[in-house]
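Subject: Structure handover

Hi,

Here is the structure I promised to pass on. Please open it first, then read my notes below.

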Amino acid sequence: EAGVAQSPRYKIIEKRQSVAFWCNPISGHATLYWYQQILGQGPKLLIQFQNNGVVDDSQLPKDRFSAERLKGVDSTLKIQPAKLEDSAVYLCASSKGTLVETQYFGPGTRLLVL
Amino acid sequence: AQKVTQAQTEISVVEKEDVTLDCVYETRDTTYYLFWYKQPPSGELVFLIRRNSFDEQNEISGRYSWNFQKSTSSFNFTITASQVVDSAVYFCALSGVSSNTGKLIFGQGTTLQVKP
């Protein structure tokens, strides 16, 4: 069974530019999560989708971050405009459902904002 | 509020030594789930174990074992006879049922270095 796929793996941009990340979850997984992991810290949830609906986006900086999961499968996370403090690893995870299901993570996208 | 604390920032051991990674959690939920993930240098978080709050039995999987104690709100992870391939960052995480979303609350992580 294929795991969670993410692209690109690395991205370097200048501040105020925009960037987009893509995630394809494990087949059949209804729930998709985007986490931000700043160097030296644990991942922090940005947004959670159940199928194509948003379940939790309380920690998403909505003035610059947006995410969508239009067909309930793959998802994109966008930052516009980027700030220096957005430098982090962006991890995508998926699970079959929510509460009792284990989340499986992709390899992440390392973003460096100069 | 829910919180996970991994007080050990870095641990260094020599191969074949046993090592224990500590995890202390806080939650008001009576039903919750605890997890351990491994993050090797490649960056991907690898799932190791999930434990629910009603199951306090210790678990062993090969060289890995987990000790869950509700009385002290701890969920510690022990690697027996460590190997160089165990070198990674290990995260403990908590998911409380009251959040109704399955959101994981992660600790800061413990970096384990196993030297040959």
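A definition first: two strands pair if DSSP finds at least two bridges between them. Helices (H or I, at least four residues) and strands (E, at least two) are DSSP runs, numbered from the N terminus.

Some ground rules. This is a predicted model, in which local features need pLDDT of at least 70 and side-chain atom pairs count only at pLDDT 80 or more, while totals for chains, interfaces and linings use all residues. Residues are numbered from 1 along each chain as its sequence is written, chains are lettered from A and ligands numbered from 1 in the order in which they are written, and side-chain values use heavy atoms, with hydrogens and water left out.

**Hairpins in chain A**

Start with β5 (residues 44-50) and β6 (residues 53-56) of chain A. They run antiparallel and are joined by 3 bridges. Phe49(A) on this pairing faces Val54(A) in β6(A). The two strands form a hairpin with 2 residues between them. Asn51(A) sits in that turn, with a positive phi of about 55°. That is a positive value in a residue other than glycine. Most residues other than glycine have a negative phi, and most peptide bonds are trans. Asn51(A) is partly exposed, at 40% relative accessible area. (Buried means under 20% relative accessible area, exposed over 50%, and partly exposed in between, using a 1.4 Å probe and protein chains only.)

Next come β7 (residues 65-68) and β8 (residues 75-79) of chain A. They too run antiparallel, with 4 bridges. Phe65(A) stands opposite Ile79(A) in β8(A). This hairpin has 6 residues between its strands. In the turn, Gly72(A) has a positive phi of about 75°.

Chain A has a cis peptide bond from Ser7(A) to Pro8(A), with omega near -10°. Pro8(A) lies in the loop between β1 (5-7) and β2 (10-13) of chain A. The bond from Gln80(A) to Pro81(A) is cis as well, with omega near -5°. Pro81(A) belongs to the loop between β8 and β9 (88-95) of chain A.

In chain B, look at Ser73(B). Its phi is positive, about 50°, although it is not a glycine. Ser73(B) lies in the loop between β8 and β9 of chain B. It is partly exposed, at 24% relative accessibility.

**Salt bridges**

How many salt bridges are there over all chains? The search of the whole structure finds 6. (A salt bridge is a side-chain nitrogen of Lys or Arg within 4 Å of a carboxyl oxygen of Asp or Glu.)

One of them is in chain A. Lys62(A) pairs with Asp57(A), and their closest N and O atoms are 3.8 Å apart. Asp57(A) is partly exposed, with a relative accessible area of 26%.

Now chain B. Arg51(B) and Asp55(B) meet at 2.4 Å, N to O. Arg51(B) is buried at 6% relative accessibility. Asp55(B) is partly exposed at 27%. Arg51(B), Asp55(B) and Glu59(B) are linked in a network of salt bridges.

Arg63(B) also forms a salt bridge, with Asp86(B), at 2.8 Å between the closest N and O atoms. Arg63(B) lies in the loop between β7 (59-61) and β8 (64-69) of chain B, and Asp86(B) in the loop between β9 and β10 of chain B, so the pair ties together parts that are 23 residues apart in sequence. Arg63(B) is partly exposed, at 24% relative accessibility. Asp86(B) is buried, at 1%.

**A buried serine in chain B**

Ser82(B) is found in the loop between β9 (74-79) and β10 (88-96) of chain B. Is Ser82(B) buried or exposed? It is buried, with a relative accessible area of 1%. Its side chain reaches the backbone oxygen of Glu17(B) at 2.8 Å. Leaving aside neighbours within four places in sequence, its contacts (heavy atoms within 4.5 Å) include Val13(B), Lys16(B), Glu17(B), Arg63(B) and Val114(B).

**The end of chain A**

Leu114(A) is in the segment after β11 (109-113) of chain A. It counts as exposed, at 52% relative accessibility.

Best wishes

Conventions: Polar contact = N/O pair within 3.5 Å; in protein donor to acceptor, adjacent residues only side chain to side chain.
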